Amino acid sequence: MKRPIKKIAVLGSGVMGSRIACHFANIGVEVLLLDIVPRDLPENQKDSVSAKNKIVNDALQFALKSKPSPIYDQSFARLIGTGNFEDDMPKISDVDWIIEVVVERLDIKQKVFEQVEKYRKPGTLITSNTSGIPMHLMCEGRSEDFQQHFCGTHFFNPPRYLRLLEIIPGPKTDPAIIDFMMSYGDLYLGKETVLCKDTPAFIANRIGIYAIMSAMHTIQEMEMTVGEVDRLTGPLIGRAKSATFRTMDVVGLDTTVNVANNLYQGLPDDESRDAFKLPKIVKEVHDRDWFGDKSGQGYFKKTKDKDGNKVILELDLKTFEYGERTRANFKALEAVKEVEDLKERVKTLVNFGDKAGEFYRRTFYDTFRYVSFRIPEISDELYRIDQAVCAGFAWQMGPFETWDLLGAKEVAKAMEEMGMKPAQWVYEMLEAGNDSFYRIENGIKQYYDIPSKSYQTIPGTEDLVILENIRQTHKVWGNAGSSIFDIGDGVLCLEFHTKMNAIGQEVIEGIQTAISMAEKEYKGLVIGNEGENFSAGANLAMLFMYAGDQEFDEINLMVSQFQNTMKRAKFSSIPVVAAPAGLTLGGGCELSLHCDAIQAHAETYIGLVEVGVGLIPGGGGTKELTLRVSDALSEGDPELNRLQEAFMNIATAKVATSAEEARAMHILRPQDEITMNRKRLLTDAKAKVLELYEQGYTEPTQRVDIKVQGRTGLALFEAGVNGMLLGNYISEHDAKIAKKLAWIMCGGDLTAPQEVSEQYLLDLERQMFVELTAEPKTLERIQSILFKGKPLRN
């Protein structure tokens, strides 16, 4: 269905409305954001546009200033226009899509839709961001055309970052509209679009809130503490860092309770309805109006000690008084301390014979039981439940995927023994010899389809590159830190799997091997993965050891090897495309800069951060940005603004907060592309490789025409650095790093601006890098990073 979306109207500018507006601006769509006129305006302000638009303008400004930012780059805010319902509703006649995001009250929504009917042109999309009001009630009394083009589009907060978009058809919605919404949300908004039935709370909140409320009853019965639970229910098991209680504080306990109460009232026939009743550890906190961050206290409370230092206190779930934070001391945690693989960790934890293991079994098995009974009530297909919960609540594995991991048959038996018998269809599946909810067939993931009692391909995944599905069948090479896969059509993919995908010796070997293999028998190479991060930078452990022993020749060789590997990525006979996502820092950024093209996920946080450990980028990163500055000089930059900008980005270890900001920082070039949907990233990168190949790719030649400024530029930078030092804005060590950085970017002590080669700049980089490793302050900084176990970032 061809339906260009050039302009939308967002009706309601609250937390969700303003941020939905920002996300559409992120993808280049013009937005009209409207809200009500303030009540009781003074007589002298009733004709004032600014006074009448105060609510919408304040809401938008608040959103734009919030952290994390809802917008990729502040310049995109120019696409958002504001207005009010009284004066500007006629303007919706010019838009392609109207999204209602007003307060969750049916009577108010119906009044808004009545106004919309007056001005909406036939055929215009009209959707609601409701989190639970039935579609048929909202479109009651509306025109036939309205109802045919109406559905629910439930974004999750914050819309930029949470991947779920639930699509809920109304009773008369044209199926073609639903198909369009599913596709548009996926391709353009970067969402996991999940088709839902019009049932209370749809899919994600129905399951997610059940899992939370059911866990609350278990926590109360097992007398667990807030600290214990949040340790057990966060990243340890592949869930959000905010875990359970911190999530409720951030979202607002009142919000969770309202959804739970609504579900209790709206689900008289739910076999597990009582789980939505509030246990004491929820009701008591709610009754005291301790809603979390919005009220200043919840399950956690920020305060200060006698010395004025910030302290976070934790609520005692027995006395409801605040005290010191508790630690989780379980043998299960000791058992998985060194286990990096999430799946192995979860299996160990759930099967462990201590209190933590019991907690996991009781909560996991109960959720498994509940989701088994929700089919076909909320979804006809089990995969939609997993998709919705993972994308809406940031779980890495959905309930059915986790059940498979633990063993579908074994867990069903254990559930029955614990009085948590699943739905009958599970037994029928197992008795027919189907021992899992999912399976991989010829590299494609299939789900168990209950009506046909057979396995079916998950729609929309047939043509995607998904490494998880081909890990056992398409691997052509590997070592301890990297693997190479044949992803079809003559393209290889190199994946890192070190901690934080740090670049060490194994990854260097992987890069060299992948390029050599591709040059012999393939069309090109993608470097990317399906993890949270592309690469947090170079592995500093070996560097720290050599620097501590003052083995500077070894450091020189190590840096030289790294530089040669980056050159290999740039100067090979096949196209090499980097597919960064998440943290892409230091060496990860340098590798991306050297590839023929970058296909970046929109949420790529990329930058050269080496200054943070007292070094400069030594793998060609400084050289690459200097080269791009040189190209800008040829376009006209007499005041060297681009040179200063590039210098400051490196000297301050600036990290782009989106791929679009990385483009503004000239890390991404105009020809580099951005993928909105993370699951499509490797597929798009593969397509880029093939595009370059089919265009007749030829190996680039080393540049020898990079214009540097010599002493002219050095004088400019040294004056600035000395001024910062005298003003006590930077330390002497910082000044030393900055001057060495300027030395590279200006080409050293050249008497006049002139052209130099890439190798000339690489040699300067390596020299400055090695010199800085001899500095005690650099060793101190590297040591602090290594022992804290944190990635380098601004």
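Analyst: Let's start with a term: a residue is buried under 20% relative accessible area, exposed over 50%, and partly exposed in between (1.4 Å probe, protein chains only). This is a predicted model, where local features need pLDDT of at least 70, side-chain atom pairs count only at pLDDT 80 or more, and totals for chains, interfaces and linings use all residues. Residues are numbered from 1 along each chain as its sequence is written, and side-chain values use heavy atoms, leaving out hydrogens and water.

User: How do I read an aromatic pair, and how many are found in the whole structure?

Analyst: Two numbers describe a pair of aromatic rings: the distance of the centres and the angle of the planes. Phe, Tyr and Trp rings (six-membered for Trp) pair with centres within 6.5 Å; planes under 30 degrees apart are stacked, over 60 edge-to-face, the rest tilted. Here the search gives 27 aromatic pairs. One of them, Phe496 with Phe534, is tilted, at 6.0 Å centre to centre and 50° between the planes.

User: Where do Phe496 and Phe534 lie?

Analyst: Phe496 belongs to strand β17 (residues 491-496), and Phe534 to the loop between β18 (524-528) and α23 (541-548), so the pair ties together parts 38 residues apart in sequence. Helices (H or I, at least four residues) and strands (E, at least two) are DSSP runs, numbered from the N terminus.

User: Are Phe496 and Phe534 buried or exposed?

Analyst: Phe496 counts as buried, with 3% relative accessibility, and Phe534 is buried too, at 1%.

User: Which residues do ring pairs link into a cluster?

Analyst: Phe359, Tyr360, Phe364, Tyr365, Phe368, Phe400, Trp403, Trp425 and Phe437.
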